[in-house]
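Dear colleague,

I am handing over the structure below, and after it I set out what was found. Please read the notes with the coordinates open beside them.

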Amino acid sequence: GIMPEKAGKIDFTIERSKTKGFKMAARPDQTGKEAITEYEVIKEYNNYSLLKVVIHTGRTHQIRVHLSALGHPIVGDRVYKPRNLKTRIELDRIFLHSHKLEFTNLEDEKQKFTSDLPEELEGLLKTLD
């Protein structure tokens, strides 16, 4: 969908779902573990938004849970999309790609990796123009 703000910070805590153990749940009441996600809209399409997302914590399914909690699940995500959400895009995967990953390894050396968007996802974006 179209995000309510062009950039924002999501800070709902996250914990394991009490009804479905394989799922995680966002907790606006802040009773779970800290989770901080920042997003920025890169481009808007008809009913879709391409986002740059930065996570400051590393909770299980954090990006998926946070965006779904805002009412904007990731395209192709069958686990965290609301049952009644209708979409015209069907994917055999989630439209989630790590473009850049940085961390300091155990030898205290900074590691940095980048990866272009896969052709499958790039092609899908072209169909939305």
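Leaving aside neighbours within four places in sequence, L91 is in contact (heavy atoms within 4.5 Å) with V75, G76, R78, E120, L121 and L124. Please bear in mind that this is a predicted model, in which local features need pLDDT of at least 70 and side-chain atom pairs count only at pLDDT 80 or more, while totals for chains, interfaces and linings use all residues. Residues are numbered from 1 along each chain as its sequence is written, and side-chain values use heavy atoms, with hydrogens and water left out.

L91 also belongs to the largest nonpolar core, which has 17 residues, and is one of those that touch the most other members, together with Y48, L67, V75, I89, F95 and L128. A nonpolar core here is a set of buried Ala, Val, Leu, Ile, Met, Phe, Trp, Tyr and Cys residues joined through side-chain atoms within 4.5 Å, where buried means under 20% relative accessible area, exposed over 50% and partly exposed in between (1.4 Å probe, protein chains only). Two or more residues of this core come from each of β4 (37-45), α1 (62-69) and α2 (119-128), the names being DSSP runs numbered from the N terminus, with helices (H or I) of at least four residues and strands (E) of at least two. The most is given by α2, with four residues. A second, separate core of five residues includes I14, M24, A35 and Y80.

Turning to the strands, three of them form an open antiparallel sheet in the order β1-β4-β5, where two strands pair if DSSP finds at least two bridges between them. Because β1 (7-10) and β5 (48-55) each have a single partner strand, they stand at the edges, and one side of each is left without a neighbour in the sheet. The antiparallel pairing of β4 and β5 extends over eight bridges, and K43 stands opposite L50 in β5.

Finally, the structure holds one aromatic pair. F103 and F113 are stacked, at 6.2 Å centre to centre with 25 degrees between the planes; rings of Phe, Tyr and Trp (its six-membered ring) pair if their centres lie within 6.5 Å, and planes under 30 degrees apart count as stacked, over 60 as edge-to-face and the rest as tilted. The pair links F103 in strand β6 (residues 100-104) with F113 in strand β7 (residues 110-114), ten residues apart. F103 is partly exposed, with a relative accessible area of 38%, and F113 is partly exposed as well, at 43%.

With best regards
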